[in-house]
Amino acid sequence: MTTWLVTTAIVTVLGPLAGLLWANTIPRVTYLIIQGEPLIADPEGEGPVGIDGRFALIGLVAGLLCGAVGYAARGRRNDIALILGLAAGGVAASLLAWRTGHLVGLGHFHDVVRHARDGATVTGVADLRAKGVLVFWPVMAVAAYGLLEVVVRRLLPGDRGDGGSGEGDEVGGDELDLQSAPTGRDVDGRER
């Protein structure tokens, strides 16, 4: 249980940092003030799409790094708790990144909009239009962890990688990997 909470907390703390990165790397989006309301001057332009794209890219990279670090840091136990922590922490971090990035400069933006006359243009703040990119961080963290598990194929906790016959409960290849009997004898040592 503690693995889940610790993993969730560590990943969640990264959210505001990612939000600050996002807010400082977004493309410029211009708003046109009409009747006191800000409207995107070019809704089909690269700006609004670029804001969502930057958030998605940051979420993908952060998720990949969290999954890889989680995989490297784990022991040979608590896989499920770690995966749940990566998923829950990724969701929380993604939400915090969105809210933190959106709040950067928001007060100034509202002041400018409030005092602007009709037809004026102002530069906007970071905000997501495609809310689906919020799942990129947790999905990528879990996917990276799972992919590393498949590619690296760590040994089971009780297996030391010894050659020859395995433990009685192991199954490997096409045949059961049971202890082989000595020549001319049965497994329990009696002769045939």
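Thr8 is buried, with a relative accessible area of 15%. The cut-off for that word is under 20%, so Thr8 qualifies. This residue is found in helix α1. What does Thr8 contact, leaving aside its neighbours within four places in sequence? The partners are Gly85, Ala88 and Gly89. Keep in mind that the model is predicted.

Now step back to the whole chain. The protein has 192 residues, and 31% of them count as buried. There are five helices and five strands. Read from the N terminus, the elements run α-β-β-α-α-α-β-α-β-β. Next, take the contacts between residues at least 6 apart in sequence. Of these, 74% join residues at least 24 apart.

One pair of residues shows how sequence and space can part ways. Ala92 and Val13 are 79 residues apart in sequence. In space, their C-alpha atoms are 8.8 Å apart. Ala92 lies in helix α3. Is Ala92 buried, partly exposed or exposed? Its relative accessibility is 25%, so Ala92 counts as partly exposed. The middle class lies between the 20% and 50% cut-offs.

Turn to the largest pocket. About 390 Å³ of space lies in it. Its lining is made of 21 residues. Nearest the centre of the pocket lie Ile10, Val11, Leu14, Cys66 and Val69. Which helices each supply at least two residues of the lining? They include α1 (2–25), α2 (46–73) and α3 (79–103). The largest share comes from α2, with nine residues. The lining also has a clear make-up by residue class. There are 18 nonpolar residues, two polar residues and one charged residue.

Next comes helix α4, which spans residues 106–115. Its buried residues are Leu106, Phe109 and Val113. Now look at the face turned away from the buried side. That face carries the exposed residues His108, Arg114 and His115.

Tyr31 stands opposite Ile40 in β2. The two strands form a hairpin with two residues between them. Gln35 is found in this loop between β1 and β2. Is Gln35 buried or exposed? Its relative accessibility is 70%, so Gln35 counts as exposed. The cut-off for that class is over 50%.

Thr8 in α1 is buried. Ala92 in α3 is partly exposed. Gln35, in the loop between β1 and β2, is exposed. Helix α4 has both a buried side and a face with exposed residues. The helices α1, α2 and α3 each contribute to the lining of the largest pocket.

Notes. Residues are numbered from 1 along each chain as its sequence is written. This is a predicted model: local features need pLDDT of at least 70, side-chain atom pairs count only at pLDDT 80 or more; totals for chains, interfaces and linings use all residues. Side-chain values use heavy atoms; hydrogens and water are left out. On a 1 Å grid over the protein atoms alone, a cavity is a set of points where a 1.4 Å probe fits but cannot get out, and a pocket is an open set with protein on both sides within 12 Å along at least five of seven lines; lining residues have an atom within 4 Å of a point. Grid points are joined across faces, edges and corners, and a volume is the space filled by probe spheres set on the points. Helices (H or I, at least four residues) and strands (E, at least two) are DSSP runs, numbered from the N terminus. Ala, Val, Leu, Ile, Met, Phe, Trp, Tyr, Cys and Pro count as nonpolar, Asp, Glu, Lys and Arg as charged, and the others, Gly among them, as polar. Buried means under 20% relative accessible area, exposed over 50%, partly exposed in between (1.4 Å probe, protein chains only). Two strands pair if DSSP finds at least two bridges between them. Contact means heavy atoms within 4.5 Å.
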